Amino acid sequence: MDLRSELLKSIWYGFTALDLEKSGKVSKSQLKVLSHNLCTVLCIPHDPVALEEHFRDDDDGPVSSQGYMPYLNKYILDKVIEGSFIKENVDELCWTLTAKKNYQTDKTSCTVLPEKDAFRLWCLFNFLSEDKYPLVMVPDEVEYLLKKICMGMSIEFNCVELEDFFSQDSVQQSGITVWVFLEMMNSGKLTKGIDKSITSMAIEEVYREIVGDVLKEGYLWKKGQLRRNWKERWFTLRPSKLSYYTGEDRKDCQGNIDLDGNCCVEEVDDEILFGSSKWIKNAFSPVLPDRDGKRCMFCLKTLSKTYEMSASDTKQRQEWTTAIQTAIRLHVEGKTSLHKDLKLKRRETREQRDKRQQSKEEELQRLRALQEERERKLVELDLLKEAQKQAQALMAQDEQRRRQQHEQLQRALEVQLQEAEEARVSMQAEMVLKEEEAERQKKRIVELEEMQKRLEEALQLEIKARLDEEAFRYAQAGLLAEEEEKMKALMCLQEEQEEYILKTQREKQELKQEMESKSRSLDEAQRQLEEVRANRHRVDQDVVAAQRKLRQASTNVKHWNVQMNRLMRPIGPGEKRPSGNSFSSFQIPTQRDPGLRLRRRSGSEDQDEESKENVDNSAGCDLEKRHSHTSNGDMDIP
């Protein structure tokens, strides 16, 4: 975070404090006063005419923050020189403006912080806030600041009392503003039972450490360079230098030690000998105190001098040497503030933590999606199993229904076999009629095909005439274009042309009507042709069915002839008809039935018996064939 960003945070509070109506705009007169005060505390020359010149084209009224930013950057911030002003004065100016409007507390309450402490907390909030507007501080930074303050008060930070505050959704998502933070500090939850002076000292210590870039402060004994005597000084360590004062009020600065990459700090053992002008290590020398009684010493070496200092105890010496080494490291790395570096590292840690949390949430969502997909597939599997059971039940029902239909069909075929004999004679006559009808239909089809050919020829002629008409129309369009160019000179020719166009249109209408009538005739002929083809197909099917029935009837007649030959026995000459004969009332069929004939043969009794046996054998074979055909549900078709 550079100096410009730090200044903009404070100036943003000053600008919003002047926006009394919260419309995002401030009047030009107020901006003039703000700009003049900023130039004063930043130690830069103020140009009162520049504001009017900058907003000369914008006379509509108040100026927004976006409109004021170009002027602020060009005429104020670009002229700022780091080190030429005191930033605390800029913060005090902006705090004075914004506190009058936003920081309103109960002065009678014993937990309210002093004005100076509130200002320092405001500066700390600006330092640790996020680099986006409006300025807010995330809960992690709030907890870090509160821990630092509690450490300065030598108490342990107890987050249980502030758990309700940190658990709010608005605080977790967007952070808190400085006024909410100050209200929380004034509530006394953190400083309950602690003296105000201790709280103020802790806030000042944290303020100097974080905002003032003070890495460490405290008393040390320093040996003089000329008189070589030891004096107690108040040392203040910053990333670029180590300053020492006569007292902790820091009013009388005795000197500054510039720190760079050429500096180093060394601890001096207590087992040392004091030489003429150098400290000489002697690992084998006895433990000898310094002649002034100084212990826990260390040296800070620069290119030009070596500074000898002594701490109160070993812990302080270790803290000072570590802090000085940290300051040297920051200077070598080109960093101006330790806490700015720590803030960036904490921000990177938060971003990495948020990324890990986001990745975990994405993984959980993916696992949930996979679980839902698995459950959905299980449900689909159950549905498929149920559908399979239903399909099997339906297949069983279909199988049973097919068996019933097969039985019904077999019974129907048996009935048809019984009716075949009765329908044979009628079928023969119908077959003759159908054949005659088929011949007539064939002739009709031939005639319709010839008519279709003639209609196609007429259609081709019509298409050709239409193409000729299109060509004539294109030629006519060319003539019309020429007539438009010669309109004034050829008025008489235009009238004749219009009459000719009207005549052509009438002929076109007549030709169109003729074409439509021919199309209707063609459609009617096609429809008749389709009907004739359908009739022909139907007649062919009837003829085939009649032939099939005729063959079935002939087969049945032959079968009955065989049965008759088996049952009848010719009566020889001189034989008497036995009484009670079952064939006494049987009549021999006449010769009108060509399939029924009797063989009469005169001969001996042996020949009659032999013929009877032959007839019986043939009748038995025919009967077995009939039974086999009937059981298979087929018909004997020769």
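What volume does the second largest pocket have? In this predicted model, the second largest pocket has a volume of about 1,200 Å³. Its lining is made up of 33 residues, and those nearest the centre of the pocket are Lys 87, Val 211, Gly 212, Asp 213 and Arg 238. Two or more lining residues come from each of the helices α1 (3-18), α5 (87-102), α6 (115-128) and α11 (196-210). Helix α6 gives the largest share, with five residues. Sorted by class, the lining of this pocket holds 16 charged, 11 nonpolar and six polar residues.

Aromatic contacts were examined next. A pair of aromatic rings is described by the distance of the centres and the angle of the planes. The count for the model comes to 15 aromatic pairs. In one of them, the ring centres of Trp 12 and Tyr 133 lie 5.5 Å apart and the planes stand at 50 degrees, so the pair is tilted; planes under 30 degrees apart would count as stacked, and planes over 60 degrees apart as edge-to-face.

A second tilted pair is formed by Phe 125 and Phe 181, with a distance of 6.2 Å from centre to centre and an angle of 35 degrees between the planes. Distant parts of the chain are linked here too: Phe 125 is in helix α6 and Phe 181 is in helix α10 (residues 178-186), 56 residues apart. Phe 125 counts as buried because its relative accessibility is 0%. Phe 181, at 0% relative accessibility, likewise counts as buried.

Ring pairs also join into a cluster, whose members are Trp 12, Tyr 13, Trp 95, Tyr 103, Phe 119, Trp 122, Tyr 133 and Trp 179. The tilted pair of Trp 12 and Tyr 133 thus has both of its residues in this cluster.

Charged side chains are placed over aromatic rings as well. The charged end of Arg 346 sits over the ring of Tyr 144, at 3.7 Å from the ring centre. Over the ring of Phe 127 sits the charged end of Lys 343, at 6.0 Å from the centre of that ring.

Terms used: Residues numbered from 1 in each chain as written. Predicted model: local features only at pLDDT ≥ 70, side-chain atom pairs only at ≥ 80, totals over all residues. Heavy atoms only, no water. 1 Å grid on protein atoms, 1.4 Å probe; cavity = no way out; pocket = protein on both sides within 12 Å on 5 of 7 lines; lining within 4 Å. Points joined across faces, edges and corners; volume = space filled by probe spheres on them. Helix = DSSP H or I, 4+ residues; strand = E, 2+ residues; numbered from the N terminus. Nonpolar A, V, L, I, M, F, W, Y, C, P; charged D, E, K, R; others polar. Phe/Tyr/Trp six-rings, centres within 6.5 Å; stacked < 30°, edge-to-face > 60°. Buried < 20%, exposed > 50% of the residue type's maximum accessible area, 1.4 Å probe, protein only. Lys NZ or Arg CZ within 6 Å of the ring centre and 35° of its normal.
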